[in-house]
Amino acid sequence: MLTLPNVLAGIILVALTAYVLFAGADFGGGVWDLLASGPRKSAQRELVAHAIGPVWEANHVWLILAIVLLFTCFPTAFARIAITLHIPLTLMLIGIVLRGSAFVFQSYGGGGGRVFATASLVTPVLLGISVGSVAAGGVREVGSGTRDGYYASYVAPWLTPFGIAVGLFALACFAFLAAVYLTVEARETDLQEDFRRRALASGAAVGLMAALGLALFRTVLPVHVGVVVVVAMSLLGAVAALARRYYAGARLAAALAVTLIVWGWGFAQYPYLLPPDLTIAAAAAPPVTLRLALIAVLVGAVLLFPSLYYLLRVFKVSRRMPFAAPPTTRPAPPR
Amino acid sequence: MAVSLAFHIIFAVIGIAMPVLMVLAERRWQRTADPTYLDLAKRWARGTAILFAVGAVSGTVLSFELGLLWPRFMAVAGPIIGMPFSLEGFAFFTEAIFLGIYLYGWERVSRRAHLVAGVLVAVSGAASGIFVVIANAWMNTPAGFTLANGAFTNIDPIAAMRTSAALPQTLHMTLAAYAATGFGVAGIHAFLILKQRAGAFNRAALIIGLVVGAPAAVLQPFSGDIAARYVARRQPVKLAAMEALYETRAGAPLTFGPVVIPHGLSLLAFHDPNATVQGLDAVPREEWPNVGLVHVSFDVMVALGTYMALVGLWAGWLAVRRRDLTTERLFLWALALATPCGFLAIEAGWMVTELGRQPWVIWGVLRTRDAVTPMPGLIVPFLTITLLYVTLAVIVAVVLYRQIIRSPGGRGSAPEC
Ligand code: HDD
Ligand code: HEM
Ligand code: HEM
């Protein structure tokens, strides 16, 4: 139904999807930085750094957008999430802080590569755990009213097999996205082959984990069969495109697969924002607020999309110009 | 939360003002083709990149922390003041996008597009600062809703954003950002000139820093006065705490450290030497903020502000008389001394605003203790986050030193050496 709360919930899901597609790949890049190996080890790391450099801060803002919209439009849900998932979210924040700052320090010659890579590994898992516990209905009303102990209120909701499975799955998806994107960004064939192999391997991992997850957790999150079919098809499409070295196609298919996964989750728990009891409609802020938020989003989008397009065109599409090393990776040479 | 904010504000302030300096330098370079300015713009851009990244990640922590620590506050305030936060989100977007283009695009976009990208970074930086401070102003002078039987009705987010403290606070804060950063930069280079030699690089940096910092510093006491008069009308208890005025009285004196100026407070707060100023005795004891801290913080801010304004006037006077600033050693020392002043004043000012508002989160509406998360053991995340920030601050200092400060003045690339 196209009600105001649903539209805004949809926008939040769009922002989350964009976060997964763009920033997720930046985290995945960190994973490949950690796993860099073989004769082209340092070339792999350099490619990752170049791919992430100009865009990661903009990509990161999608998460902030999702959060501010969540607390503006669905304040009760935000309060509940913040209370119940305090621990994984705080850990995730630490991961975000360390990842981002370690990356710039590394780019500006300060070291910190290890920290960057490790934080890239841990943060997606924590994000997945948080999403997983929302999906599984772990985020209920706790705190002052109830008499549950600390563990029952603040740990048990997220420390579940399902939550951890979603965490690992998120990590695999991010690594897969990054590897596929990097096949497009790599200039030398050798490097392209490196990431093609990594994309195929992580794609297989994503597929396997999805199948396993479906078998084990059907009851926790009843994903629609149609969703399963289209996700499987786009995953296979990505793999087929990789096999034929059609990288642009693979990028599209991989992004589609992950988008469908996120939206599959959204639809599986509709109309609940926080299953099992808080619906989107019940959590919504008063209509004035929603209306204004929608207007802000629309006006913002008018400003945002041209700028984003420009950013991506300058750094991701235009191939005619040689990839100038950012003037910032090393101190200017003495003249 | 307070630790995160105190940390974040430093980076935020630099993120607001540094792009202005960077763009001014680049513009000078495009005008004069003097490579000193290009070098300056690139170095500043590098510094901005580092600080921006830390500002961005510490800001992310904040947007979660608001909920993690004050879930009840957000549940109440979200629908009312979520608006500026959402707008701020878009300002971040444009800021991050154009900073990416600015930093990595020197060879990829035209000169004009590059400069425009820098200007957009500066504009969106100022906008994001303004939006958050509006949210904070609303906590001081809540508006845009009616409270009936504990429920918030008639919510009007636009009226909430136009709350009466918004204008004075955003004005004061934005000026503070320019004053602090401008003096920070000018002060560092004044120090380098004193220690090494003048050189075109340090001179250019010093002058651009002053061009941004000095006017802001001179205007700052005026905007502070406006802010104080709003506080006097809307939050008399805070004003009383700022001035450590315990008894309500007409023709109230101004106490500043050991100095007492008769009728000063009435004059300042209401522009009338005999106006009645409400003292702390007007409210019960448990509604007092921490008077000692608020009063000291306020005095510190005003002292630093006065000093900076005087240095700013001095710079203006020297400039009008066409004196070479880099040879006035006394002035250079005064300026070098002012390097940290703006940042200290900002921390002190926020202490005034935030501690002066206690025991309320939302003035007169929601008490702090009712807003805090029910989760026990908060000391653990608090210590972790504090430790994280301390580590970060140290690393930032080291990296910045290596990237910017070390090479320009002495050895290295400044062409004039
Ligand atoms: C460079 C920094 C700086 C300087 C030089 C000053 N201030 Fe300030 N002041 C701030 C930086 C600041 C701040 C950190 O930005 C605050 C905190 C909240 C805000 O909006 O601005 C602030 C708050 C603040 C408030 C409280 C507003 C409120 O609670 O709503 C008052 C009354 C003043 N200032 C007054 C002054 C006066 C009379 C100054 C005279 C010299 C002065 N400030 C200099
Ligand atoms: C005390 C007043 C504050 C001011 C003046 C301010 C200003 C700024 C500025 C100018 C930036 C740009 C980044 C940079 O240059 O480093 C920024 C970043 C950020 N701030 Fe604040 N801020 C304040 C407080 C807060 C609060 C309370 C929150 C929490 C809701 C917050 C959330 C953020 C976020 C999420 C970012 C990151 C944006 C990005 O990724 O680019 N800030 N802030
Ligand atoms: C650099 C800027 C800031 C500093 C140093 C600062 C510092 C503080 C301090 C010392 C407290 C009191 C803690 C206590 O006594 O319990 C506090 C509380 C708080 N501040 Fe700030 N603050 C800043 C800016 C902001 C901004 C911009 C916002 C919101 C937009 C904000 C929101 C809050 C909230 C929600 C609380 C908790 C409720 C309360 O104690 O009143 N602060 N802050």
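How many nonpolar, polar and charged residues does the shell around ligand 2 have?

1. The shell around ligand 2 has 16 nonpolar, ten polar and two charged residues. This is a predicted model, and the points below should be read with that in mind.

2. In total, 28 residues surround ligand 2. The closest are B:His8, B:Ile9, B:Gly15, B:Gly59 and B:Phe92. Because residues from chains A and B surround ligand 2, the site is shared between chains.

3. Several helices each supply at least two residues of the shell around ligand 2: H3 (56-73) of chain A, and H1, H2 (35-69), H3 and H4 of chain B. The largest share comes from H2(B), with nine residues.

4. Which residue is the only protein donor of the iron atom of ligand 2? That donor is B:His8, through NE2, at 2.2 Å. B:His8 belongs to helix H1 of chain B, which covers residues 2-32. An N or O atom in the side chain of B:His8 is also 2.9 Å from a nitrogen atom of ligand 2.

5. B:Glu354 is located in helix H12 of chain B, residues 341-357. A polar side-chain atom of B:Glu354 is placed 2.5 Å from a nitrogen atom of ligand 3.

6. Ligand 3 has 20 residues around it, and B:Leu5, B:Trp70, B:Glu354, B:Arg357 and B:Gln358 come nearest. The elements giving two or more residues to this shell are H1, helix H3 (71-104), helix H4 (111-140), H12 and strand S7 (360-362), of chain B. H12(B), the helix in which B:Glu354 is found, gives the largest share of the shell, five residues.

7. What is the make-up by class of the shell around ligand 3? It has 15 nonpolar, three polar and two charged residues.

8. One helix pair in chain A deserves a separate remark. The axes of H1(A), residues 4-34, and H3(A) come within 8 Å and cross at roughly 155°. Angles over 145 degrees count as roughly antiparallel, and H1(A) and H3(A) are therefore roughly antiparallel to each other. The crossing in which H1(A) passes H3(A) is left-handed. H3(A) is also the helix of chain A that is listed among those supplying at least two residues of the shell around ligand 2.

Key. Residues numbered from 1 in each chain as written. Chains lettered and ligands numbered in written order. Predicted model: local features only at pLDDT ≥ 70, side-chain atom pairs only at ≥ 80, totals over all residues. Heavy atoms only, no water. Donors = N, O, S within 2.8 Å, 3.2 Å for Na, K, Ca; no water. Helix = DSSP H or I, 4+ residues; strand = E, 2+ residues; numbered from the N terminus. Near = heavy atom within 4 Å. Polar contact = N/O pair within 3.5 Å; in protein donor to acceptor, adjacent residues only side chain to side chain. Nonpolar A, V, L, I, M, F, W, Y, C, P; charged D, E, K, R; others polar. Axes fitted to C-alpha atoms, helices over the stretch in contact; angles between N-to-C directions. Parallel < 35°, antiparallel > 145°, perpendicular 65-115°, else oblique. Left-handed = near helix turned anticlockwise from the far one by under 90°.
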